[in-house]
Amino acid sequence: MKKRLFALALTGVMTVGLLAGCGGGDTTPSGGSSPSGNGDATGGKVYYLNFKPEQDAQWQELAELYTQETGVEVTVLTAASGNYETTLKSEMAKTDAPTLFQVNGPVGLAAWKDYCYDLTGSKVAGELSSDEFALMDGDKMAGIGYVIETYGIIYNKALLEQAGYTADDIKSFDDLKKVAEDITARKDELGFSAFTSAGMDGSSDWRFKTHLANLPIYYEYKADGIDNTDAIKGTYLDNYRQIWDLYINNATCEPALLSTKTGDDAVAEFVTGQAVFYQNGTWAYNDVAELGDDNLGMLPIYIGVEGEDKQGLCTGTENYWCVNAKASEADIQATLDFMYWCVSSETGTKAMCGGEGAMPSGQAGMGFVIPFKGNLESTNPLVNIGNQYVADGYESVSWNFSTMPSEEWKNGVGSALTAYAADQTDEKWDAVVSAFVDGWASEAAAVNG
Amino acid sequence: MEKAIKRYFPIFLLPTLIAFTIGFIVPFIMGIWLSFCEFTTVTDATFVGLSNYIKAFQDPIFLHSFWYTALFAVVSLVVINVIAFAIALALTQKLRGTNIFRTVFFMPNLIGGIVLGYIWQLIFNGLLAPMATALNLNEWYGFWGLIILVAWQQIGYMMIIYIAGLQSIPGDVMEAAAIDGASGPQRLFKVTIPMMMPSITICTFLSVVNGFKLFDQNLSLTAGEPSKMSEMLALNIYNTFYGRTGWEGVGQAKAVVFFILVVAIGLIQLKATRSKEVQQ
């Protein structure tokens, strides 16, 4: 009898373990619990799969507020950094799929276009400040950009002055090269380097294989009058090499060691005053804020192209909201209402644009610039620097990296850049060119074919 | 008692069976089906026939990964088993503190692969930095780095299996061999190793299969750098699946090929070592 009881108990434990395992899956979407249970009378609910981990807390709070205000259930799940596509693929296969998700531009859209609801004529589309922030798939408005970001070379004003220069001395690639090489020559005397390490570790390599690579692509598209291509020519790759040479040979570490340097290393070097220049964007403000707002500046990334004295910062978006077309009618409507509320209501716009204390709970807001009519002035100094460039008549560089054919292409260019950094020969540069030009053609063929 | 077991067997069997079906059989069958499909999400696929397999075999990196992985599996198999066996022999002698040694050697096995990869990456790069180079600049640095890593991780585990095997060899056999005048090496090769064949079968099987399946350590130590030259099969499959739009099915096809390969090698290896096992 005793034995039988023991066996039963064991079985019980096993069964409980099994059920717990199954139950776990359902509880993954965190936060956004609804006081009214399963949504309101119309039955629609919102499930947002968020791309930006740094804004998770704000989205959770916003979701809760919306539920309190309207009774519509909003669930926000944030994918881990670098795992958005992976998470999206598995979440979309579920019965309760995300109703609101993100793509990064035309290439991301290609994968998900069957899932994108046509936003033409929706209330949220009407709020857009310009049509260029809509992501079109033919005549269909498949996505809406919800945040505009800007990147360039962030610099430490105090250190630059210590080296005897100001931002006014840097108006072209030649100026930048002169300043950087001068700082390198006097490195021991000054006690700092020109550039932070151009880390090619996975946490930082996108700054070069994606963001820096945008510049030669931008100029080529501009020269050819196109906005997308299946075969890049690499007209401006010599300029790409110039700027890359400058970055790696005037940095805090030996070029051969770049493959081991991380994004955190670069941030640490910048905030501790070991380097003057740090290539990154407005989203990095919180990382570098401790240098003080007045001490931060941002320069355009000059690569030595004719007429670059009018070149501004790189501004664009790779964050497009898409509504899941395969969700139920009620859920789609609830999602559209939620998006509209986010970009038009006072609470929503304050949360999205505001800085310190902008959330009702007193937390910092998301600090975005949003391409909607309700956009508020930003408290992020890097954003304001970007706006100043536009106001002063500089031409912003658009974000063309969303037309890069695949992740494989970026990885190929990144690997080639790393190898070149360690051994700066023409032969190794040819490998970069090959990854850039031939890789583009073969990846475009692989994806389309 | 026997009656009770017969009566209650569904209660014992069902939970595991359900878990196995949900967690293994269903995904496995779906996986095979998806390898013939083009899809974005796994529940929404269109049949495309064999084109995924054709693309998979046309991928030069996949073929490179294949022989790189095979070489890795063979080298790690030899390194791990020879060292593990030697340590097991040493730690079954009458030494002081054998338990402490066994515990210490086993401990690396308790650390997860990803963590190990990052820790060893720091160590290797620290060693390579004075020579102005780094682990992910050369595929053979990555190769030997991985060998050292998995050896460090798995030797302790295999050692425990070998120790158990060594302890189960009856003392009288060894004694008889000694009395008959067999020398140390003779006793090792003619008595101990034949008697140890069951343990050797298990350990070689585990290390070959682990070598082929290696993923975490590869991802965190080299991530396939430089230019995918240190990318092993499992990582290649993963990168194919997520690297390009529309190539999910190709990744799936590679996974099926990979499965068949690992099963075939595992079975051949089991057969080869099994046939050498002796009856005690």
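How many residues does the contact take from chain A and from chain B? I looked this up before anything else.

I noted that this is a predicted model, where local features need pLDDT of at least 70, side-chain atom pairs count only at pLDDT 80 or more, and totals for chains, interfaces and linings use all residues. Residues are numbered from 1 along each chain as its sequence is written, and chains are lettered from A and ligands numbered from 1 in the order in which they are written.

**The contact**

I found 32 residues from chain A and 26 residues from chain B. Two residues are in contact if their C-beta atoms, placed from the backbone, lie within 7 Å. On the side of chain A that touches chain B, the elements giving two or more residues include α1 (2-26), α17 (407-422) and α18 (426-448). Helices are DSSP runs (H or I, at least four residues), numbered from the N terminus. The largest share, eight residues, comes from α17(A).

**Helix α17(A)**

I checked the burial of α17(A) next. Of its 16 residues, 15 are buried, so α17(A) is largely enclosed by the rest of the structure. Buried means that 20 or more other C-beta atoms lie within 10 Å of the residue's own.

**The cores**

I then turned to the largest nonpolar core, which has 174 residues. Such a core is a set of buried Ala, Val, Leu, Ile, Met, Phe, Trp, Tyr and Cys residues joined through C-beta atoms within 7 Å. Ile370(A) and Leu417(A) are among those with the most contacts inside it. Helix α6 (residues 139-167) of chain B gives the largest share of this core, ten residues. Apart from it lies another core, of five residues, including Phe62(B) and Val250(B).

Notes:
Buried ≥ 20, exposed ≤ 12 C-beta atoms within 10 Å, placed from the backbone.
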